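Me: I have just opened this entry and would like a short walk through it. Could we begin with the ligands?

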Amino acid sequence: MKKFTLIISAIVITVASFAFVIENEKSFSAASAIFSEEPVLPGTPYAYSDITVPQSLEAPPNGGWGSVDPVTIDDAIASITDDGATLGRVLFYDEKLSASNDISCGSCHNQSFSFAEELQFSEGVSEATTRNSMHLNDIMWFSPNTMFWDAKQINLKESILLPLQNENETGVTDVDAMLHELSQTTYYPELFEKAFGDATVTEERVVSAIEQFLKSINSFNSKFDKVLEGEATFNTIEEEGRELFEQECVFCHPSSLGQLGIDFGFFPIVFDNGLDEVDEDPGMGEWMGDPQFNGHFKPPTLRNIQFTGPYMHDGRFNTLREVMDFYSDDVAPTEWGMIPEGGFDFTDHEKDALVAFLKTMSDQNVLLHPKWSDPFPESTDTHTPSIEGVKMFPNPMYEHSLINIDSWDGESINLSVVSMNGQVVFTDQFQSNQYVLGRNNLAAGNYVVRLQSDKGTKTLKLSVQ
Ligand code: HEC
Ligand code: HEC
């Protein structure tokens with residue numbers, strides 16, 4: 001967020017109206033003064049627990065390979081409350097959860113990328129992470145004992161605690177001090193009370209609330225799901241991709257076919273997909289203490305994979321097409337020989353078909369819905385009055401982005417989109433708390449979106465893919 005602010009302030013056209021407070025305090029007490037901002041939340045909580053599970057979760061299309069028991073589905077959904085997930089949302093995005101007070105879970109798990117990050121490695125409290133950040137959609141349905149790239153034998157709760165305490169992720173070394181700080185804010189006591197019945201802030205409650213928020217992130221509004229429900233059909237190339245996928249990929253990626261909650265107990269789905277001849281990152285071999293498992297990693301869900309690049313545990317591939325080139329031509333010998341040596345030797349058309357099929361598993365709703373967005377107003381502009389509570393996502397934009405104005409109460413808003421060389425490329429006027437900014441004919445690149453009303457202005461940086 002800091003860097004983002006700096007980039008905007010460098011934009012000449014808006015410099016005159018900006019003055020940013022840029023601080024990097026390390027102690028908890030000094031922090032409350034800087035981050036005195038409160039989250040902007042809806043009066044009635046969003047419906048997090050309202051999850052309609054597609055039939056394919058119970059009855060997978062390919063003959064039952066890893067279906068989810070309906071009882072498990074009901075229990076999983078019942079463990080989410082709207083107030084619990086609301087608290088989880090605030091915690092997920094709150095920089096108070098980091099030792100340096102400038103990193104939140106949301107810094108490395110970005111809604112615009114289905115909660116992954118566009119960088120190969122993320123910037124942590126003190127240094128870059130050594131693995132690529134993982135997308136967090138649909139994690140409720142994962143085998144509980146395969147978390148992180150190396151499939152550590154831990155459950156979701158433990159996987160929330162780990163980054164919290166990891167000295168380089170959020171780096172909270174003194175959990176009690178952090179919990180105390182949360183209890184001293186203006187907003188947490190009420191949020192804890194709504195979620196858990198009283199205002200006591202405990203580590204267990206923090207983890208439980210974040211867990212509820214994460215469980216609510218499902219991507220069931222995809223074309224893939226609609227096809228399985230009989231409401232849509234794959235076009236020719238998508239169908240070709242589906243057939244290839246079922247032939248070559250489904251053994252290691254069963255979760256992508258909708259049945260995500262596979263718990264084999266004795267057999268976590270963790271494989272070596274032949275990325276390297278010599279493994280620099282031993283993955284599962286490290287914690288197993290067995291070199292036989294070097295180079296074995298967890299294949300994450302392929303739902304929403306279109307948005308989560310770069311790909312693989314070390315983020316080595318930027319696009320899905322590069323991933324297909326790898327599976328086609330560059331596969332190192334794998335121990336169990338599940339991929340032919342060298343690769344599948346796909347034609348260009350087959351690679352396109354696989355990518356087209358993978359994209360049917362996209363649900364833009366995950367990127368767009370305000371219920372999963374950052375509730376903290378991001379502007380620290382102290383001079384010009386600012387329109388409060390403005391969010392724009394996804395950013396980068398693929399086809400369109402939603403602008404959401406929580407503070408709107410009836411005023412008319414002028415919108416302009418300005419290119420980096422200062423040219424106004426688009427203007428509009430609207431009177432609503434939401435505006436869908438279409439891509440129109442915008443070329444890929446960076447833009448400034450400026451909103452102006454009688455309340456003030458708000459300037460956001462937009463990147464178009
Ligand atoms: C500095 C960046 C960073 C921050 C901050 C961060 N994460 Fe992560 N997260 C990662 C990376 C990198 C991985 C993969 C780590 C690995 O496999 O070793 C990951 C993995 C995960 C996973 C495992 C997903 C899976 O499918 O197995 C979960 C869950 C998760 N993070 C949740 C959180 C939560 C909750 C927070 C806030 C308390 C958080 N993360 C903060 C970078 C970050
Ligand atoms: C032998 C098992 C295996 C096969 C077969 C396989 N994969 Fe994978 N796949 C994996 C593993 C393991 C990973 C994670 C590897 C890593 O990061 O080190 C992965 C990662 C991926 C990723 C990147 C995921 C991310 O979040 O970065 C994509 C996309 C993918 N596979 C697609 C495919 C497609 C398409 C096929 C068929 C052509 C296929 N895979 C075949 C095991 C396999």
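**Ligand surroundings**

Reply: Cys105, Cys108, His109, Phe148 and Lys298 come nearest among the 26 residues around ligand 1, where a residue is near if one of its heavy atoms lies within 4 Å. This is a predicted model, in which local features need pLDDT of at least 70 and side-chain atom pairs count only at pLDDT 80 or more, while totals for chains, interfaces and linings use all residues. Residues are numbered from 1 along each chain as its sequence is written, ligands are numbered from 1 and chains lettered from A in the order in which they are written, and side-chain values use heavy atoms, leaving out hydrogens and water.

Me: How far is the side chain of Arg131 from an oxygen atom of ligand 1?

Reply: An N or O atom in the side chain of Arg131 is 2.9 Å from an oxygen atom of ligand 1. A backbone N or O atom of Phe148 lies 2.7 Å from an oxygen atom of ligand 1.

Me: And ligand 2, which residues come nearest there?

Reply: Cys249, Cys252, His253, His313 and Tyr327 come nearest, of 26 residues around ligand 2. An N or O atom in the side chain of His313 is 2.6 Å from an oxygen atom of ligand 2, and one in the side chain of Tyr327 is 2.7 Å from a nitrogen atom of ligand 2.

Me: New topic: is Met338 buried or partly exposed?

Reply: Met338 counts as partly exposed because its relative accessibility is 33%; buried means under 20% relative accessible area, exposed over 50%, and partly exposed in between, with a 1.4 Å probe and protein chains only.

Technical notes: Polar contact = N/O pair within 3.5 Å; in protein donor to acceptor, adjacent residues only side chain to side chain.
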